[in-house]
Amino acid sequence: METFGIQHYEAFLLASIALNLTPGLDTFYILTRSGREGHGVGMAAALGINAGCIVHTLAAVLGISAILMTSALAFSVLKYLGAAYLVWIGLRMVFSRATTRPPTETLGKGFAAAFRQGMLTNVLNPKVALFFLAFLPQFVSMHAAHPQIGLMLLGLSFIGTGLTWSTVLALMGGRIHRLLTTRPQFGQWMDRLCGTVLVAFGVKLALQQRS
């Protein structure tokens, strides 16, 4: 660990667990997908979200995320792309028609769609990029022989705690899914509620400012 400059690793893990347990867009998205399509699709969403975290970790290691911190244009472009994507997904759910599909499916259904959407909602959020850029270096000495490897190891550790919690969420959502299969009348209500919340997350992202 010293070669890579990692410091206070135990404190980092505790902070990572606390941050991953904090409810947010990722939590809501995993519960939504697993609730409507089962825990398997929920796991695909979780893997997509954590794949997005890998992208952010690499960006932090390579210094790409620093561009978002210094460039208002780059930050705004990524922010509005992410906001538009969230609003688009949300509106599709709000205006979906229950009579056109089985109650166990969502628009943009299946493992591949859940993975893709989960990854994009994460990658297109500039606040997540800036978080990795600001959080990881606090636990790595830049004077070490290989600090970049230290940053990568911390990023993977954060993803490991996140994936563990994401798995729990997917399993929890699977229980909701079993309820919906026995009471399909709740399906459209859930789609509209979840779609509205996704739209709200998109609007919130569009209004965020760099800090």
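Begin by selecting residues 43-67, a span that is 92% helix and 0% strand and whose end C-alpha atoms lie 32 Å apart; helices (H or I, at least four residues) and strands (E, at least two) are DSSP runs, numbered from the N terminus. What is on screen is a predicted model, in which local features need pLDDT of at least 70, side-chain atom pairs count only at pLDDT 80 or more, and totals for chains, interfaces and linings use all residues. Residues are numbered from 1 along each chain as its sequence is written, and side-chain values use heavy atoms, with hydrogens and water left out.

Next, select Ile54, Leu58, Leu62, Ile64, Ile67, Ile149, Leu153 and Leu156, which form a nonpolar patch on the surface with about 690 Å² of accessible area together (Shrake-Rupley method, 1.4 Å probe, only the protein chains shown counting as cover for residues). Such a patch is made of residues with over 30% relative accessible area and no salt bridge, nonpolar side chains (Val, Leu, Ile, Met, Phe, Trp, Tyr) being joined within 5 Å and like charges within 9 Å; a salt bridge is a side-chain nitrogen of Lys or Arg within 4 Å of a carboxyl oxygen of Asp or Glu. Helix 3 (39-62) and helix 8 (147-182) each supply at least two residues of this patch.

Within that selection, centre on Ile64, found in the loop between helix 3 and helix 4 (65-70); Ile64 has a relative accessible area of 47%, so it counts as partly exposed (buried is under 20%, exposed over 50%, partly exposed in between).

Definitions and conventions:
Buried means under 20% relative accessible area, exposed over 50%, partly exposed in between (1.4 Å probe, protein chains only).
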